[in-house]
Amino acid sequence: MEQPVIIQIKSLTNTIRRTLQNTDCFCDCSGMTGIHGWIIGHLCRHPERDIFQKDIESILSIRRSTATGILQLMEKNGLIIREPVPYDARLKKLVPTQKALAVNRRLEEEFKRINAQLIHGLTKEELDIFCSVAEKMQANLNGGES
């Protein structure tokens, strides 16, 4: 019997994660994890929006205590700051620091490099099929939603 698809996907995901975490971006920024990179990327992709801890909790489907720990470590490592917003004194938005912006630029370069490595030797048709199948699998797991 062939290996189940879920094992193939998990194996590929682990390989991608290890490849990315062995890049200079992660090696040079001690204590940085993949989740930190994801949060930095999200903040950098949406500079026009105020993003709060509750948004990160929702997007990542994590508990408040988990998000608090992650964000406190990111603050300690100089990757984010929390700034008050003028329209609600209780809220503090998450803002990437210059260090985080530099890390994000390097991560984007690494994503491009790793993506090129991943798709090397694949035809456009194979990539289209892969993306179509991945979208269908995602929809299946989301209850048939596309």
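Colleague: Which helix gives the most to the lining of the largest pocket?

Modeller: This is a predicted model. In it, α1 gives the most, with nine residues of that lining.

Colleague: And which helices each supply at least two residues there?

Modeller: α1 (5–21), α6 and α7 each do.

Colleague: How many residues line the pocket, and which lie nearest its centre?

Modeller: The lining has 25 residues, and L12, T13, I16, L118 and F130 lie nearest the centre. By class, the lining divides into 18 nonpolar, five polar and two charged residues.

Colleague: How much space lies in it?

Modeller: About 720 Å³ for this largest pocket.

Colleague: Back to α7. How many residues does it have, and how far does it reach?

Modeller: Helix α7 covers residues 124–141, which is 18 residues. From first C-alpha to last it reaches 26 Å, close to the 26 Å expected at 1.5 Å a residue.

Colleague: What follows it?

Modeller: G143 follows α7, and the phi of G143 is positive, near 80°.

Colleague: Different topic. At what angle do α3 and α6 cross?

Modeller: Roughly 100°, with the axes of α3 (residues 34–45) and α6 (residues 98–119) coming within 10 Å. Angles of 65 to 115 degrees count as roughly perpendicular, and α3 and α6 are therefore roughly perpendicular to each other.

Colleague: Which residues make the contact?

Modeller: On α3, G37, I40, G41 and C44; on α6, A100, L101, V103, N104 and L107.

Colleague: And by class?

Modeller: The contact of α3 with α6 has six nonpolar and three polar residues, and no charged ones.

Conventions: Residues numbered from 1 in each chain as written. Predicted model: local features only at pLDDT ≥ 70, side-chain atom pairs only at ≥ 80, totals over all residues. Heavy atoms only, no water. Axes fitted to C-alpha atoms, helices over the stretch in contact; angles between N-to-C directions. Helix = DSSP H or I, 4+ residues; strand = E, 2+ residues; numbered from the N terminus. Parallel < 35°, antiparallel > 145°, perpendicular 65-115°, else oblique. Contact = heavy atoms within 4.5 Å. Nonpolar A, V, L, I, M, F, W, Y, C, P; charged D, E, K, R; others polar. Expected span 1.5 Å × (residues − 1). 1 Å grid on protein atoms, 1.4 Å probe; cavity = no way out; pocket = protein on both sides within 12 Å on 5 of 7 lines; lining within 4 Å. Points joined across faces, edges and corners; volume = space filled by probe spheres on them.
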